[in-house]
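Me: Here is a structure to go through. Let us take it in short questions and answers.

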Amino acid sequence: MDETEVLALLDRVLAPWVRALGLKPVSVTDESATLRLPFSGELRHQGGVICGQVFMAAADTAMVIAISAALGEFKPMTTVSQNISFMRAVRNGDVLITARVLRLGRNLVFGEVELTDEDGKTACHATTTYALLN
């Protein structure tokens, strides 16, 4: 998938509030996708750090792109589980989200997502399971 295809997919399948995060493709391979979450002060909660909900939505979105790339096209899917560990607070700067497909089965897809801050330090790590809706 090239940048144009990723942007078209994001525009077509995401809820408006997730599109408002402004996620941008960085790279996509047959088994992974890296997106950039541009920093915005609006993403921070009262404590001054980016909200966990933002990271969860970004991780979920990156995995949808990674799965679509692995399949060669977008197919309807749903998140079965997402277990995320918040390891470092992010106050400023863009965040890179890298999603990797670990196992692509007939009905289930297993993956992991790493979110890194502008210094390349891991901010969050997630494991995911998706069901393909045929």
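Reply: Helices (H or I, at least four residues) and strands (E, at least two) are DSSP runs, numbered from the N terminus. This is a predicted model: local features need pLDDT of at least 70, side-chain atom pairs count only at pLDDT 80 or more, and totals for chains, interfaces and linings use all residues. Residues are numbered from 1 along each chain as its sequence is written, and side-chain values use heavy atoms, with hydrogens and water left out.

Me: In which strand does F110 lie?
Reply: The strand in question spans residues 108-116. F110 lies in β5.

Me: Is F110 buried, partly exposed or exposed?
Reply: Buried means under 20% relative accessible area, exposed over 50%, partly exposed in between (1.4 Å probe, protein chains only). F110 has 32% relative accessibility, so F110 counts as partly exposed.

Me: Which residues does F110 touch, not counting residues up to four places away in sequence?
Reply: Contact means heavy atoms within 4.5 Å. By that rule, F110 touches R100, V101, L102, R103, T128 and T129.

Me: Which residues make the contact of α1 with α3?
Reply: From α1 come V6, L9 and L10. From α3 come T61, I65 and S68.

Me: Is T61 buried or exposed?
Reply: T61 sits in helix α3. Leaving aside neighbours within four places in sequence, T61 is in contact with L10, L14, V18, L23 and L35. Its relative accessible area is 4%, so T61 is buried.

Me: How many disulfides does the count come to?
Reply: A disulfide is a pair of cysteine sulfur atoms within 2.5 Å. The sulfur of C51 is 12 Å from the closest cysteine sulfur, in C124, too far for a bond. The count comes to 0.

Me: Is C124 buried or exposed?
Reply: The relative accessible area of C124 is 0%. C124 is therefore buried.
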